Amino acid sequence: MSHITVTISELTSEGTGLGFLNGKKVFVPGAFPGETVTLEPVIDKPGYISGKLLSVQKRSPDRIPDFCAVKCGGCSFTALSYEAELRFKSAYLMNLFRDLPGFSEEKYRGITGMPNPFRYRNKAVYVAGWDNSPSGEPELQNRKAGTGNERADKRNERIKGNYSRKAADETEDRKEEPAENRGWNNNGNGRFMLGLYERDSHKIISVPDCLLEPSWMNRARNGLRDLVNETISGRNSSGGDVREMKIFSEKLRYLFLRGAPDGEKSWEDDAAFRRCAVLVLRTGNDAATSSAAVPEAVLSFLEQAGIANIAVNFNNDPGNRIFGESFQAVRGGLYAEMPLLGRVFRVRPESFFQINGEITGLLYDKAIELLDPAPEVRIADLYSGIGTISFRLSDRVRETFGIEVVPEAVRDAERNSESFGIGNARFYVGRVEDVLPDLVKSGVRFDGVILDPARKGLDESVAETLAALGVPRIVYISCNPKTQKRDMAWFIKRGYQLECLYAFDMFPHTCHTETVALLLKE
């Protein structure tokens with residue numbers, strides 16, 4: 001079949017249009033319920049067809065002009081109204097939790113979205129490589145279609161083997177870096193590429209202007225790409241030595257950026273918060289190497305782009321994790337200054353920090369409201385990251401105990417605690433399932449707990465320990481409602497009941513949502 005016409009009846013949990021034809025499921029990325037569409041089959045199996053959307057005969061009233069022609073796989077909804085997207089996410093959660101014991105429609109309190117769901121990201125990772133098509137230009141439209149639930153949205157930040165967060169927005173989850181991206185491969189007619197992977201592929205595509213990222217990130221990414229190409233081609237005499245730039249472009253693997261959105265200023269003065277860039281290289285591992293690894297023209301450009309803190313990271317591992325073990329600051333410090341909840345946090349590149357500051361503030365305040373803290377209580381902040389929730393609680397409770405597996409994040413928490421003058425927040429390095437029982441054995445007891453685990457959720461032993469303690473209130477924040485549901489079922493078996501569930505749209509235009517639930521001991 002060269003072309004198929006089908007009516008879309010629903011969206012999958014990954015946001016892919018789903019219809020039925022002669023008993024087969026038909027998956028059509030970019031199609032919406034109620035639409036009649038024509039597609040080109042790409043995969044035709046006995047049980048399903050997956051295809052590329054060609055045209056829409058009957059349009060959904062929720063369809064809007066597509067705001068992005070570059071399909072990197074990071075977004076699920078670029079032609080669906082934001083109101084419809086929020087309805088989809090609420091319906092998905094209601095359907096997911098409906099068979100959880102004790103759940104009812106009244107316990108779901110709705111989803112909080114953004115007034116302006118663009119330019120919200122405070123972190124990005126771009127892949128470096130070479131495009132060797134005959135024209136030397138990236139091919140943006142010849143995309144491979146997929147079911148939407150096989151590999152799309154598997155882009156996960158791999159930092160030092162810490163898989164504690166599913167970032168719906170980072171490099172794709174691949175076992176090995178593709179050979180064509182491993183170094184200088186221009187063959188005389190290619191272009192240096194700095195962008196994102198095309199959906200379901202290893203192909204790097206240019207991103208003229210990602211509307212999820214602040215303008216400064218787009219300028220830094222595109223400007224660095226252009227600087228490399230113009231210097232190597234001889235069109236930019238101020239770019240420095242051509243050979244030096246070629247070597248740099250061969251070694252560059254990723255560009256990591258973190259910083260506050262455009263226009264955010266410190267309340268102490270009119271200076272912008274310090275942004276951070278990390279150039280991840282395929283070779284080297286010491287300060288002597290880092291001082292010569294990056295051309296001065298590159299460093300000058302990044303500084304002119306408003307990035308005060310620039311570092312080099314060395315990652316020789318052929319796998320897909322972003323950072324290697326060794327960092328060296330070459331300009332400024334090895335951190336970004338991130339505003340959140342009335343404080344400015346210094347955050348190292350390895351440390352987790354929520355992508356969307358505006359929604360994070362609302363989410364954390366709701367979590368603390370549900371916890372209902374009092375001045376005499378002790379709170380466990382499990383999977384505490386750099387301590388953002390502990391610090392928000394610090395002036396409302398007697399003491400907080402944060403546990404986090406990433407040592408760099410705990411060091412950030414301790415540094416920020418000292419900077420903020422907070423003396424009642426304690427932090428421990430290690431897995432929650434290991435450290436929590438040790439604290440309990442030492443005699444520590446908790447009046448409430450906040451959980452904010454990885455996408456994989458909890459180890460069941462954590463639920464067992466907390467239930468045995470009889471902790472009266474547990475607030476569970478999750479970036480993966482599926483594992484949250486499983487974990488809450490464990491608590492319910494151990495004498496807890498679900499009081500309420502709220503959703504927050506942390507990642508507009510993707511399928512992902514953040515949820516927070518309150519569990520009470522019966």
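H509 is buried, with a relative accessible area of 2%, where buried denotes under 20% relative accessible area, exposed over 50% and partly exposed the range in between, for a 1.4 Å probe and protein chains only. The structure is a predicted model, in which local features need pLDDT of at least 70 and side-chain atom pairs count only at pLDDT 80 or more, while totals for chains, interfaces and linings use all residues. Residues are numbered from 1 along each chain as its sequence is written, and side-chain values use heavy atoms, with hydrogens and water left out.

The chain contains 11 helices and 22 strands. Helices (H or I, at least four residues) and strands (E, at least two) are DSSP runs, numbered from the N terminus. Of the 522 residues of the chain, 60% are classed as buried. Contact is defined as heavy atoms within 4.5 Å. Among contacts between residues at least 6 apart in sequence, 68% join residues at least 24 apart.

H509 belongs to the loop between β21 (496-504) and β22 (514-521). Although H509 is not a glycine, its phi is positive, at about 75 degrees. T510 is found in the loop between β21 and β22 as well, and T510 counts as buried at 2% relative accessibility. The side chain of T510 reaches the backbone oxygen of F507 at 2.9 Å. Such a polar contact is a pair of N or O atoms within 3.5 Å; within protein, one atom must be able to donate a hydrogen and the other to accept it, and residues adjacent in sequence count only if both atoms are side-chain atoms. With neighbours within four places in sequence left aside, T510 is in contact with G74, C75, S76, F77, E85 and K89.

Two further loop residues may be described. N22 lies in the loop between β2 (17-21) and β3 (24-28). The phi of N22 is near 50 degrees, a positive value in a residue other than glycine, and N22 counts as exposed at 77% relative accessibility. R121 is located in the loop between β6 (108-112) and β7 (123-131). R121 is buried, with a relative accessible area of 4%. A polar atom of the R121 side chain lies 2.5 Å from the backbone oxygen of K123.

Helix packing was examined next. Two packed helices are described by the angle between their axes and the distance between the axes. Axes are lines fitted to C-alpha atoms, for helices over the stretch in contact, and angles run from 0 to 180 degrees between N-to-C directions. Helix α2 (residues 215-233) packs with helix α3 (residues 242-251) at an angle of about 135 degrees, their axes being 9 Å apart. This makes α2 oblique to α3; angles under 35 degrees count as roughly parallel, over 145 as roughly antiparallel, 65 to 115 as roughly perpendicular and the rest as oblique. The crossing of α2 and α3 is left-handed, a term used if the near helix is turned anticlockwise from the far one by less than a right angle, with right-handed used if clockwise. The contact is made by L227, V228, T231 and I232 of α2 together with V242, M245, K246, F248 and S249 of α3. By class, 6 nonpolar, 2 polar and 1 charged residues form the contact of α2 with α3. Here Ala, Val, Leu, Ile, Met, Phe, Trp, Tyr, Cys and Pro count as nonpolar, Asp, Glu, Lys and Arg as charged, and the others, Gly among them, as polar.

Helix α9 (residues 432-441) and helix α10 (residues 460-469) pack at about 20 degrees, with axes 9 Å apart. α9 and α10 are therefore roughly parallel to each other, and their crossing is left-handed. V432, E433, L436, P437 and V440 of α9 make the contact with S461, V462, T465, L466 and L469 of α10. The contact of α9 with α10 has 7 nonpolar, 2 polar and 1 charged residues.

In helix α5 (residues 296-304), the buried residues are A297, V298, L299, F301 and L302. Their cover includes α2, α3, β11 (276-281), β12 (309-314) and β13 (326-331). G306, which follows α5, has a positive phi, near 90 degrees.

A425 is situated in strand β18 (residues 425-429) and is buried, with a relative accessible area of 13%. The C-alpha atoms of A425 and E399 are separated by 6.0 Å, the two residues being 26 residues apart along the chain. Not counting residues up to four places away in sequence, A425 touches F391, T400 and S417.
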